[in-house]
Amino acid sequence: MSKSPYDTKKITPNLYGDRRPVEGKIVAILHVSFKDRGLQLIDTKSRAVLKHEIHEIMITDETAAAPGGRADSVAAVAFFEITKGGLIVTGDAVTAAGHKIGDLVGYDENHMPNHLGVILYALTLAEPLLAVGDKIAFMRP
């Protein structure tokens, strides 16, 4: 697990100034869920993501999921390619095909350097209606 070089209690969403939305497109759909996944979310609240990188979207329904924490109830729902890079930050609203699918709560580096696990909170693990080619966006709330 990656350790943040900063005191994470001092890093609040207000630390980040204005920033553009990060955009991408869904490149693959996944259909798997776990009740005991054991994801270890890294300590950091933000990640820089670059154009053409491919990352995984995972959803948890655990309200306590946060940087430095753990998530067991998880569904892997899609891979997406970054089309407009930038900075994603915990608390960002995430939309796909124009509909909100969750709020960014953290990151899992289990499969790095291949891809980053981007963990969203949603009320349910029900798979959002996504299709290959759908636009995904991460926006400051």
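Q: Is E109 buried, partly exposed or exposed in this predicted model, and what is its relative accessible area?
A: Burial classes rest on relative accessible area, with buried meaning under 20% and exposed over 50%. In this predicted model, E109 has a relative accessible area of 26% and is therefore partly exposed.

Q: With which residue does E109 form a salt bridge, and how far apart are the closest N and O atoms?
A: A salt bridge requires a side-chain nitrogen of Lys or Arg within 4 Å of a carboxyl oxygen of Asp or Glu. The partner of E109 is R47, and the closest N and O atoms are 3.7 Å apart. R47 belongs to strand β3 (residues 46–49), whereas E109 sits in the loop between β9 (99–108) and β10 (117–121); the pair links distant parts of the chain, 62 residues apart. R47 counts as partly exposed, at 24% relative accessibility.

Q: How many salt bridges does a search of the whole structure find?
A: The search finds six. Among them is the pair R19 and D92, whose closest N and O atoms are 2.7 Å apart. This pair also links distant parts of the chain, 73 residues apart: R19 lies in the segment before β1 (22–34), and D92 in the loop between β7 (86–89) and β8 (93–96).

Q: Are R19 and D92 buried or exposed?
A: Both R19 and D92 are buried.

Q: What is the salt-bridge partner of K100, and how accessible are K100 and D103?
A: K100 forms a salt bridge with D103, with 2.9 Å between the closest N and O atoms. K100 is exposed, at a relative accessible area of 53%, while D103 counts as partly exposed at 24%.

Q: Are F80 and F138 buried or exposed?
A: F80 is buried, with a relative accessible area of 1%. F138 likewise counts as buried, at 1% relative accessibility.

Q: Where does R37 lie in relation to F34?
A: R37 lies over the face of F34, at 5.7 Å from the ring centre.

Note on methods
Residues numbered from 1 in each chain as written. Predicted model: local features only at pLDDT ≥ 70, side-chain atom pairs only at ≥ 80, totals over all residues. Heavy atoms only, no water. Buried < 20%, exposed > 50% of the residue type's maximum accessible area, 1.4 Å probe, protein only. Lys NZ or Arg CZ within 6 Å of the ring centre and 35° of its normal. Helix = DSSP H or I, 4+ residues; strand = E, 2+ residues; numbered from the N terminus.
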